[in-house]
Amino acid sequence: MRTASDEDTTELAAARTPGAAASGSLLQVSGLHSGYGNLPVLHGVDLAIATGQTAVLLGLNGAGKTTTAQNICGSLKTWAGHIVFDGQDITRWNTKRCVGTGIVMVPEGRRVFPGLSVGRNLQVGAWSQRRDQDWVDQQLEQVLTYFPRLRERLNQLAGTLSGGEQQMLAIARGLMARPRLLIIDEASMGLAPVIVKDVFDIVRRINADGVTVLMIEQNVGALEVADVGLVMERGRVVRTLVGDELRDRSAVSEALMG
Ligand code: ATP
């Protein structure tokens, strides 16, 4: 069984996707420290995702996955370390700038606006382009090709959708910003297995169309869509899983349990 130390995480992640070595890492996080108030949560996170990959950041409750994602998308301050996106150091960027460069996060718990229609929720996702209605309309058309059920429900209040539909809406809203890196936090949480499969199928299609994806999951089943699995434990990425390791349930469980 092949394993990776923190030092060769970058190399392994880049090696997984054909052509990735040439295009390099889209996202590179090194030595990331962060936390809340005086509470340190991240203790030197290292990870890399190559352009075009789907990465799954996997870990138990409280491992620091969401905290890592919040640093990447500029919603939480980085205490130390570096975040580089497409060759630019974005460590100190705020969320607006991150969205502007193509980093979009679909938050845990969906957080759709229940009192707004599906269509309005989607328009909120394209907020930064709101003055260009043609751009928004074009993007809406593009996004709805993935979500025919949302197209049928454009005028329905988001709060009346099922849990699975709300998760689809949250992903669709994220896509409205035309991301280059889409971070999806706990998409499978609370959904029936059959709906989780639909969500993973959508992620596959989005990725196949060129969007790099970072999924944050406690559900090891998410590794079925992964090019690279990043196992997080107590504020660090402790293992990188590639190739056959991603399908080897015992290796994954072993990695998760430390
Ligand atoms: P989960 O799957 O439960 O979301 P996670 O791996 O995403 O887990 P984080 O949400 O990053 O973990 O939380 C890591 C640690 O930071 C936990 O101990 C959590 O209690 C703490 N934490 C998270 N958010 C806050 C906050 N807003 N204020 C204080 N502590 C927080």
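1. Burial and surface. In this predicted model, 52% of the 258 residues of the protein chain count as buried. The chain exposes about 11,700 Å², and carbon and sulfur atoms supply 50% of that area.

2. Secondary structure and contacts. The protein chain contains 10 helices and 10 strands.

3. Largest pocket. The largest pocket holds about 650 Å³ of space, and its lining is made up of 25 residues, among which Thr-95, Val-99, Val-104, Met-105 and Pro-107 lie nearest the centre. Two or more lining residues come from each of helix 3 (65–72), helix 4 (95–101), strand 6 (103–106), helix 5 (118–125) and helix 8 (163–175). By residue class, the lining of this pocket divides into 12 nonpolar, eight polar and five charged residues.

4. Second largest pocket. A volume of about 190 Å³ is found for the second largest pocket, whose lining includes Tyr-146, Phe-147, Pro-148, Arg-149 and Leu-150, together with Ser-162, Gly-164, Glu-165 and Met-168, and also Ile-195, Asp-198 and Ile-202. At least two lining residues are supplied by each of helix 7 (148–152), helix 8 and helix 9 (193–208). Seven residues of this lining are nonpolar, two are polar and three are charged.

Methods: Residues numbered from 1 in each chain as written. Predicted model: local features only at pLDDT ≥ 70, side-chain atom pairs only at ≥ 80, totals over all residues. Heavy atoms only, no water. 1 Å grid on protein atoms, 1.4 Å probe; cavity = no way out; pocket = protein on both sides within 12 Å on 5 of 7 lines; lining within 4 Å. Points joined across faces, edges and corners; volume = space filled by probe spheres on them. Helix = DSSP H or I, 4+ residues; strand = E, 2+ residues; numbered from the N terminus. Nonpolar A, V, L, I, M, F, W, Y, C, P; charged D, E, K, R; others polar. Buried < 20%, exposed > 50% of the residue type's maximum accessible area, 1.4 Å probe, protein only. Areas by Shrake-Rupley, 256 points an atom, 1.4 Å probe, with all protein chains shown as cover.
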